[in-house]
Amino acid sequence: MGKDTIEIIAAEAKQANMMDYEQARKEFDWSDVEQRFSWHKTGKLNLAYEAIDRHATSALKDKIALHYSDPQRDESYTFEQLRRESNKAANMLRKLGIGKGDRVFIFMPRTPELYFTLLGIIKIGAIAGPLFEAFMETAVRDRLQDSGAVAIVTTPKLVGRVPEAELPELKHIIVYGDESELAEHHIHLGHAMAEASDEAEIEWVDGEDGLILHYTSGSTGKPKGVYHVHRAMLQHEYTGRIVLDLQPDDVYWCTADPGWVTGTSYGIFAPWLNGATNVIRGGRFSPQDWYETIQRYNVTVWYSAPTAFRMLMGAGDEAVQQYDLSSLRHVLSVGEPLNPEVIRWGYRVYKQRIHDTWWMTETGAQLICNYPRMDMRPGSMGRPLPGIEAAILDDQGNELPPLRMGNLAIKTPWPSIMRKIWNNPAKYEEYMRIDGWYISGDSAYMDEDGYFWFQGRIDDVINTSGERVGPFEVESKLVEHPAVAEAGVIGKPDPVRGEVIKAFISLREGYEASDELKQEITRFVKEGLSAHAAPREIEFKDKLPKTRSGKIMRRVLKAWELELPTGDLSTLED
Ligand code: ATP
Ligand code: MG
């Protein structure tokens, strides 16, 4: 990491207060978090009740819970309105005989109806299965088959990708949109909801009952069905409070789609459990559109991803200057390593430090973060939150000392940890193979002050001439070069060195691929990082292969390089 970054940011940041942090860790108790929920007193538990209905019967009743807009629609809903709309969805599903434990999938673009339905599913104790709208038929079929879904809510445009004939367990297809396009056996969501009462009985559940089934992003292989339970709300509420730092007047925007875990844990649960006003913007990504969204709603807290920040950076400073983004007070990132160069840029143009947060579909909520009450370190994921214990373990489960790269592991349990991988107990056991620990599959080290530094996926760590090199460090140096938009780094087998480093690079607009540029970039890494970490080979690509959630797929780069099969591509971007 460049020294300048630390200087720029440390000058502004509060002094690291280790005492506070240690004290907060000592005092932390999950049972204090429990007391913040109404079930603590009533014994009646349901996440959707806590997120919506509880506020609808409080002073927040008429507060805006949801600002929704896309190029066609522009609507706002209070907590009370959300309570009623989600009740209608709950009643509609109940009328079909759907109930507790049933898997109900949602396969549609972001619209208010997606949110009503998802809350309705949870209200009746069924398990929600969100699917990203860009999935093609095979991806949809695999997930519905694996989970034994009984119903799916979709649109006329997407329903053609639901292969009914191959899904004997799928009993109901509910379609939202133009009714002239409906098949006879399809249920029209609009009509069914219009007929349904807006008062509904909540299905009270056990904290360990199923809430949501999320299939992972597919960066490293076939997506897994990760099963979460209602008790996860403890951690959604807690992290919304201390990491997102949600305050009563905040207007919060999480840019993730609910097809991915960030879009539910932090696009739905955390903000609403904290009674925050939540912005949802439908439609496609465009820098102008995003900045306008912030300006229009006076967004104060903004949660996005490195891929988006890199694209915004690529759009240039001029794009930022056309908008008033002064409402922003807290910016966060998740999903991939956050390059220091991106933080440096964000600090310059948004006057905000972008706070990195680390977690996974399987962990259900944030675990290691840079959060407001502690000093952040650019390039580091931050420190484990109070209530969470993390360590770097070797393959035998021994804790490694600071600065040694190894398996990033978390002490079990914590409230939002997955309870199983659907239909795949063996996979679940792999994460739990070391007694008392959850093995994340990520490689990292811890510094002397307890900050964790991401190195790469375990399988992506490169072994070159006896040195272990994390691809993230090399990629971050590469994107500091003015010509480089994005970089993906892999180890390429080499008879002498074991592996050599190969970089795939997409260039920023205005730059031409050439051998001179390759040499210049190599020199840049050699001088800025180290000789052994400099790529031996560079290949320019118009675009890097990414998942639909925006992560660079290094396994695809590797497969291309080695001419091997690419594996499951159901989540590969077009
Ligand atoms: P799959 O498990 O199907 O291969 P995936 O791991 O990309 O896909 P997710 O659960 O969406 O699916 O992503 C979690 C992973 O994303 C983490 O294991 C980590 O590698 C990466 N990640 C998330 N946040 C960060 C972060 N702040 N810094 C570095 N990496 C991160
Ligand atoms: Mg994963």
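For the shell counts below, Ala, Val, Leu, Ile, Met, Phe, Trp, Tyr, Cys and Pro are nonpolar, Asp, Glu, Lys and Arg are charged, and the others, Gly among them, are polar. The views show a predicted model, in which local features need pLDDT of at least 70, side-chain atom pairs count only at pLDDT 80 or more, and totals for chains, interfaces and linings use all residues. Residues are numbered from 1 along each chain as its sequence is written, chains are lettered from A and ligands numbered from 1 in the order in which they are written, and side-chain values use heavy atoms, with hydrogens and water left out.

**View 1. The shell of residues around ligand 1.** The shell divides into six nonpolar, nine polar and seven charged residues. Of the 22 residues around the ligand, those that come nearest are Thr216, Gly218, Ser219, Thr220 and Thr361 (a residue is near if one of its heavy atoms lies within 4 Å). Strand 14 (354-358) and strand 21 (452-457) each supply at least two shell residues; the largest share, three residues, comes from strand 14. Helices (H or I, at least four residues) and strands (E, at least two) are DSSP runs, numbered from the N terminus.

View 2. The side chain of Thr220 has an N or O atom 2.5 Å from an oxygen atom of ligand 1. A nitrogen atom of the ligand lies 2.7 Å from a backbone N or O atom of Thr357. In the side chain of Arg457, an N or O atom is 2.8 Å from an oxygen atom of ligand 1. On its own, ligand 1 has 630 Å² of accessible area, and the protein covers 96% of it (Shrake-Rupley method, 1.4 Å probe).

**View 3. Helix 5 and its cover.** Helix 5 (residues 47-56) is largely enclosed by the rest of the structure, because nine of its 10 residues are buried (under 20% relative accessible area, 1.4 Å probe, protein chains only; exposed is over 50%, partly exposed in between). Among what covers these buried residues are helix 4 (39-42), helix 6 (79-95) and strand 8 (210-215). Asn46 caps the N-terminal end, with a side-chain oxygen 2.8 Å from the backbone nitrogen of Ala48.

**View 4. Pro112 in helix 7.** Pro112 lies in helix 7 and counts as buried because its relative accessibility is 0%. Leaving aside neighbours within four places in sequence, Pro112 is in contact with Tyr68, Arg73, Glu75 and Tyr77 (heavy atoms within 4.5 Å).

Note on methods. A polar contact is a pair of N or O atoms within 3.5 Å; within protein, one must be able to donate a hydrogen and the other to accept it, and residues adjacent in sequence count only if both atoms are side-chain atoms.
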